[in-house]
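These notebook entries record what I looked up in one model. The structure is placed first, for reference.

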Amino acid sequence: MTSIAFRVLQDRAEAEDVAQEVFLAYHRRHPADAPYAAAWLHSAAAHTALNTLRGRRRRERREAAEARLQQPNRPDPSRVLEDRERDQAVRAALARLPERAAAVLALRYSGLSYGEVASAMGVGINQIGTLLRRAEAAFRKEVSVP
Amino acid sequence: MRHISDGLLRRVIDDPLILSAAVGRHLETCAVCRAKLATMTADSQAVAGLLSSPVPLVDPGAARQALGERAAPRPAPLPPIVRGVAARVEINPAPAVRTLAAVAIAAVLVVGMVVSGAAANLLTIFEPKQVTAVPVTTTDLQSLQGLPDLSEYGTITVTTQPVLQSVTDAQAATTASHLQILQPSYLPAPATGPGAFAIVSQGSGSFTFSAAKAQAAAQRHGKALPPMPANLDGSTLYLTVGPAVVESFGLSAGQQLPSLVIAQARVPRVQSTGVSVRQLENYLLSQPGISPTLAAQIRAIGDPSQTLPIPIPANLATSHPVTVQGVQGVAIGDSSGLGSALIWVKDGVVYAVGGTLTENQVLQVANSLR
């Protein structure tokens, strides 16, 4: 779950918070040995992380605007800036994607098999290739948009 | 024949064996489908590059602390040896790949590709059914470490990052790993039960050879590398490892190493597209770091597609064949006489049992696994 959330948030502490939140939410409402536990947890981790990302994007935009007003020309080492810009571009692209597309990327690239991704998304395993293909094409297009 | 659907084509990238023979033949000859597959592969590699920051390994201690007393059951503590293994299995293509593990993987790739009689453009499978010891001298190791990184011979793509987690018991390990976990009925004195379980999920990746990259690297390092055969350039190997389950016994407070470790993993699998295996073998074994003796030993392996070579550092350990669980395995003893280990393959699973025990004790544990 941490791995799925990390794919989306690129931040270990935030990813662990999401995993903890999801785990507790499950624990409160469902029996521990339910057959749907893994699929529920995987799916919830992806969607909660995406919601957190969207909230954070709004906050970051507001903070960045405020920072620009206060310190118009603050220098930054170019390498750090490059890495940060890349991370931001990845997160921004994920946030702009339709929820299902972002979720399939987070689930698959966190290491789940096609079968596990299918269970988490509640679709047949044969649809995963199509969903993944469309999501990858859309994600690549979004990343190339500044 | 109709063109292959986008969904199926995308899945081929992760699982080249998914196609039926007829659809596979269509893909070989259909320019439209091949062009689509190339675009999809480029997209998926680009996405993997963007999303494949190293996965932070879950720290069960911190997670437990964070959860406090609110949630049960608690995850089992992760033994230190497993943390060590975890540090090694975390695949990160960026830093230099110069470790013994990389050499071992390369050796597995080499022999995996050496399938007698296999023709070019066929999918080649490496699924070991037995193990054999390959003694490696200190000189071998030093000259292998002088070779350029694997990443300088082509492009490494990690499709599925292996993830480590600790689990409470054998039942949970079976559920999470889909492996049939064998348990010992005999435990020697220093190793007391119950064991602590950790699992590593399945990992997969691919490696695409690039003649231009290899040549550029050779020039950068001022080394002469043999030219890469034309049909090797651009061909891809797919490697799947795991899942694996590690059970450790006799780990008490203050002890750095458990006295007994039992590991079981699905055998590694290598698949290949469009490469002549003979040329691949010749190319890899002709690299400057491979001594003629080591090359001869690898070539001498009877059926390389079905044999997992275990590199034995000649100055640190000794090895000899042994019968375990009714099959032939390899017994390894470290030269200090303090520890021993057994490795064998049975029914698609590679097993390793080892610890600070005598070979007889380890053999008894191994034969008691049910």
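**Conventions.** I worked from a predicted model, in which local features need pLDDT of at least 70, side-chain atom pairs count only at pLDDT 80 or more, and totals for chains, interfaces and linings use all residues. Residues are numbered from 1 along each chain as its sequence is written, chains are lettered from A and ligands numbered from 1 in the order in which they are written, and side-chain values use heavy atoms, with hydrogens and water left out.

**Chain A.** I counted seven helices and zero strands in chain A; helices are DSSP runs of H or I with at least four residues, strands are runs of E with at least two, and both are numbered from the N terminus. Of the 146 residues in chain A, 45% are buried (under 20% relative accessible area, with exposed over 50% and partly exposed in between, for a 1.4 Å probe and protein chains only). I then took contacts (heavy atoms within 4.5 Å) between residues at least 6 apart in sequence in chain A, and 62% of these join residues at least 24 apart.

**Helices 5 and 7 of chain A.** The axes of helix 5 and helix 7 (residues 128-144) of chain A come within 9 Å and cross at roughly 105°. Axes are lines fitted to C-alpha atoms, for helices over the stretch in contact, and angles run from 0 to 180 degrees between N-to-C directions. The two helices of chain A are therefore roughly perpendicular (65 to 115 degrees; under 35 is roughly parallel, over 145 roughly antiparallel, the rest oblique).

**Arg108(A).** I located Arg108(A) in helix 5 (residues 99-109) of chain A. Arg108(A) is buried, at 6% relative accessible area. Its side chain reaches the backbone oxygen of Leu112(A) at 2.9 Å. Beyond neighbours within four places in sequence, Arg108(A) is in contact with residues including Leu132(A), Asp14(B), Thr159(B) and Thr160(B).

**Helix 3 of chain B.** I compared the span of helix 3 (residues 31-51) of chain B with expectation: 21 residues at 1.5 Å a residue should span 30 Å, and the end C-alpha atoms are 30 Å apart, which agrees. The buried residues of helix 3 of chain B include Cys33(B), Leu37(B), Met40(B) and Leu51(B). Seen down the axis, the buried residues of helix 3 of chain B fall within an arc of 155°, so they line one face.

**Ala46(B).** Ala46(B) lies in helix 3 of chain B and is partly exposed, at 22% relative accessibility.

Notes. A polar contact is a pair of N or O atoms within 3.5 Å; within protein, one must be able to donate a hydrogen and the other to accept it, and residues adjacent in sequence count only if both atoms are side-chain atoms. The expected span of a helix is 1.5 Å times one less than its number of residues. The arc is that of the directions from the helix axis to the C-beta atoms.
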